[in-house]
Amino acid sequence: MIRLVYLGKLADLAMNDTAEVAGPLDWNSLLAAVPEAVAAQLGEERVHIAVNGAVLTDRCSLTAQDGDEIALLPPVSGG
Amino acid sequence: MARLSLDNPRDVRLLDKGLSVGEALAAFSATYERAGAIASFLGKTRDDGGTQALELTHYEPLTLPGMERLADEARARFALDGVLVWHRVGVMTPPQPIVLVAAAAPHRRAAFDAVDFLMDHLKSASWLWKREKRGGEWRWIEPRADDHDALARWKAD
């Protein structure tokens, strides 16, 4: 299984902080695997994706296998 | 002597409980006792009458490593003896501290600039997500345009 981690408002939209989905996943299958409200947000360029703690420079190049962790990172707001 | 021991030349922490500003700055000053200048910034949960609470969420694999890289960037960019970057996560209420940044340097300009640089980057380029509770409702906060402008001015040179 692949672990999905929803950060920020994406966790509210997914109604969960994490989810488990069957691998492998690429960008299109990720969009199909997440709740519709999350998929709509992923359409925005400003949402970043990290695989096992490494942020992807090109989200469409996503490839993940069972055992991987994919984090969905909306725009940040610290301080 | 301060009992708190800090990592030298950089001490970067995510704290899920209260942040003791006096203790941290006393320890920082003791750690860099030969520094000619120490500048610090304390960010607090603003009491504007409406904000009931703030919550900051982080992502373990990214947030702390990103803050450590930022601290190293500041050390590479300015002539510093050392830096401290502490950020709260979890739920905070006014007027609790959110973030404490300090820089020690031989001369004041580097200390001021390093603190300014660190704060501008923490505000809009660190892996933290903030929501605030007003009128009983939680709402996610996105960086403001002037936070991005503040960040951009470090990229010009």
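Colleague: Is the crossing of helix 2 of chain B and helix 3 of chain B left-handed or right-handed?
Modeller: The crossing of these two chain B helices is right-handed, meaning that the near helix is turned clockwise from the far one by less than a right angle. Helices here are DSSP runs (H or I, at least four residues) and strands likewise (E, at least two), numbered from the N terminus. This is a predicted model, in which local features need pLDDT of at least 70, side-chain atom pairs count only at pLDDT 80 or more, and totals for chains, interfaces and linings use all residues. Residues are numbered from 1 along each chain as its sequence is written, with chains lettered from A and ligands numbered from 1 in the order in which they are written.

Colleague: At what angle do helix 2 and helix 3 of chain B pack?
Modeller: They pack at about 150°, with their axes 10 Å apart; axes are lines fitted to C-alpha atoms over the stretch in contact, and angles run from 0 to 180 degrees between N-to-C directions. Helix 2 of chain B is therefore roughly antiparallel to helix 3 of chain B (angles over 145 degrees).

Colleague: Which residues of helix 2 of chain B meet helix 3 of chain B?
Modeller: Leu70(B), Ala74(B) and Arg77(B) do, against Ala114(B), Phe117(B), Leu118(B) and His121(B). Contact requires C-beta atoms, placed from the backbone, within 7 Å.

Colleague: Turning to chain A, what is the strand order of the open sheet of five strands?
Modeller: The order is 2-1-7-4-5, with mixed pairing; strands pair if DSSP finds at least two bridges between them. Strand 2 (18-21) and strand 5 (54-55) of chain A are the edge strands.

Conventions:
Angles under 35 degrees count as roughly parallel, over 145 as roughly antiparallel, 65 to 115 as roughly perpendicular and the rest as oblique. Two residues are in contact if their C-beta atoms, placed from the backbone, lie within 7 Å.
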